[in-house]
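Dear colleague,

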Number of protein chains: 2
Amino acid sequence: MHAAVVSLHRQGPVHPQAQACARCELRRLALFGTLSEQALDCIHVHIAAQRLEPGQALYDIGQQAGALFTVRSGVVRLERVNASGERRVVRLAGRGDLIGLEALLKQPYGSTALASTPLEVCRIPRGLVAELSQSHVGLATALMQRWQHALAQAEEWLAELSMGPAQRRVLRLVHKLSQYAQGDEQQPWIWLPTRGDIGAMLNMSMETASRAISALRRQGVLLQVEPQRARLDLALLQATLRSDERG
Amino acid sequence: MHAAVVSLHRQGPVHPQAQACARCELRRLALFGTLSEQALDCIHVHIAAQRLEPGQALYDIGQQAGALFTVRSGVVRLERVNASGERRVVRLAGRGDLIGLEALLKQPYGSTALASTPLEVCRIPRGLVAELSQSHVGLATALMQRWQHALAQAEEWLAELSMGPAQRRVLRLVHKLSQYAQGDEQQPWIWLPTRGDIGAMLNMSMETASRAISALRRQGVLLQVEPQRARLDLALLQATLRSDERG
DNA sequence: CGGTTGATTGAGGCCCATCAATCCAGGTGG
DNA sequence: CCACCTGGATTGATGGGCCTCAATCAACCG
């Protein structure tokens with residue numbers, strides 16, 4: 001049940017975690033990107049790299065939040081279950097995104113975080129951020145930016161992915177998923193969620209989601225559709241989006 | 001076009017704004033509630049009370065955000081227009097809520113804020129918060145709490161107000177609106193949005209919204225329905241909600 | 001190989017969007 | 001004072017998009 005925990009501890013005499021974070025290739029994207037090398041030396045608490053398989057939970061809604069997480073690779077979906085027992089995906093997080101900010105306020109998590117693809121994250125204990133923010137005022141601004149980004153994502157979800165006919169919503173979702181693509185070529189491979197998950201994202205039945213994906217394949221927007229991934233004709237996608245928004 | 005701006009400047013020798021804020025009946029709700037009286041003395045910048053009529057805009061999406069706002073009374077709706085030109089209400093804000101947090105990050109506003117009822121707000125210039133947060137670390141936490149609250153609201157909107165049949169969504173909206181009610185009696189008067197606005201909140205046509213409101217009147221959940229307000233049978237509402245979520 | 005899980009496709013029916021007519025309240029001007 | 005106009009609310013009729021139920025298919029696995 002527990003995910004593998006890999007320590008980033010370097011075998012060195014002093015401040016080993018600082019070394020690991022300083023060498024992190026995500027540093028400019030991640031929360032501590034604004035901090036100087038000196039500041040990283042202040043890190044005494046353990047940051048742990050964690051690896052999860054699709055379907056595994058990073059945390060559950062209602063849990064007391066002890067840590068926040070930076071996504072190193074893969075995609076996480078944040079879910080809620082409403083009063084009627086229906087599942088709804090409220091946000092996606094990918095490489096460089098920071099989730100679980102509630103931890104900083106000592107609140108329980110506001111949603112369940114589930115790995116949608118193979119996932120690598122860094123677990124950042126609440127105390128570490130508190131410690132650093134004492135001395136480094138810039139960190140507070142960085143955190144607010146993360147919060148604002150999450151808010152903007154949620155509102156975009158409401159405005160773009162929750163309105164209009166099913167076909168259009170799927171089209172927009174595919175567009176959004178293209179930002180998690182591997183290469184930035186003209187026909188990149190994108191991750192495709194489970195049809196049931198697409199339904200939970202776009203508020204439609206999984207059959208409707210399946211039909212919409214099939215339609216995109218027939219239209220040539222998606223090439224080589226496999227259950228969990230597809231190759232995307234980016235130019236045709238954008239053209240279809242434009243004509244769809246017009247008519 | 002411009003809303004009336006009423007200065008809270010007290011006629012006194014020193015730090016007049018501090019006096020006004022110290023006397024504010026919303027202070028424990030509002031952003032500066034955590035600050036001491038001493039801290040309020042630091043306020044040198046102008047906070048302006050502002051009054052708006054229903055339909056007037058507090059700010060527009062895309063505008064460079066120069067200030068944030070505390071709602072003193074009334075209800076504000078935050079709207080977006082998506083790529084297809086459809087309008088969507090993404091959040092509501094009432095007494096004590098803080099909106100326009102983007103200002104602190106020097107970003108443009110992420111949505112349009114419109115008065116849904118007669119409205120009183122306090123306009124807080126961006127610089128004031130920056131100034132205060134220099135010396136008072138607690139303010140950063142207060143701000144993060146506001147951000148988290150806004151995020152939770154947006155996600156609740158997605159999970160609760162965007163799923164299920166139209167009748168249920170309207171029922172839940174009415175439940176949410178009851179928190180903006182005047183008295184806390186058993187049959188309070190609540191504000192009812194324009195049917196078109198209900199549609200923009202719940203992603204349905206205004207005709208469907210109207211029919212749902214009419215149904216609530218027939219069921220006795222709403223008594224004395226007027227276009228812009230209604231008297232609510234709170235007990236029956238909660239009973240209907242429970243049975244609706246069950247079946 | 002049978003069993004399981006998810007995807008796809010079809011058929012039918014219902015919820016809701018759309019179009020349209022009417023009603024109602026408030027404002028304006030003769 | 002009343003005719004007229006206007007904007008929003010209400011209610012009806014109709015068609016279509018999507019949900020539901022169901023069968024089939026593909027992939028994986030013990």
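Predicted model: local features only at pLDDT ≥ 70, side-chain atom pairs only at ≥ 80, totals over all residues.

Residues are numbered from 1 along each chain as its sequence is written, chains are lettered from A and ligands numbered from 1 in the order in which they are written, and side-chain values use heavy atoms, with hydrogens and water left out.

At the interface, 38 residues of chain A are in contact with 38 residues of chain B, contact meaning heavy atoms within 4.5 Å. The rule finds 4 salt bridges across this interface (a side-chain nitrogen of Lys or Arg within 4 Å of a carboxyl oxygen of Asp or Glu), and Glu155(A) forms a salt bridge with Arg80(B), with 3.7 Å between the closest N and O atoms. On the side of chain A that touches chain B, β6 (87-93), α4 (138-160) and α5 (166-177) each supply at least two residues, and the largest share, 17 residues, comes from α4(A); helices (H or I, at least four residues) and strands (E, at least two) are DSSP runs, numbered from the N terminus.

Turning to the aromatic residues, Tyr59(A) and Tyr109(A) form a stacked pair, 3.7 Å centre to centre with 10° between the planes (ring centres within 6.5 Å make a pair, and planes under 30 degrees apart count as stacked, over 60 as edge-to-face and the rest as tilted). Tyr59(A) lies in strand β3 (residues 57-59) and Tyr109(A) in the loop between β7 (98-99) and β8 (112-115) of chain A, so the pair ties together parts that are 50 residues apart in sequence. Together with Phe69(A), these two tyrosines form one aromatic cluster.

With kind regards

Key. Phe/Tyr/Trp six-rings, centres within 6.5 Å; stacked < 30°, edge-to-face > 60°.
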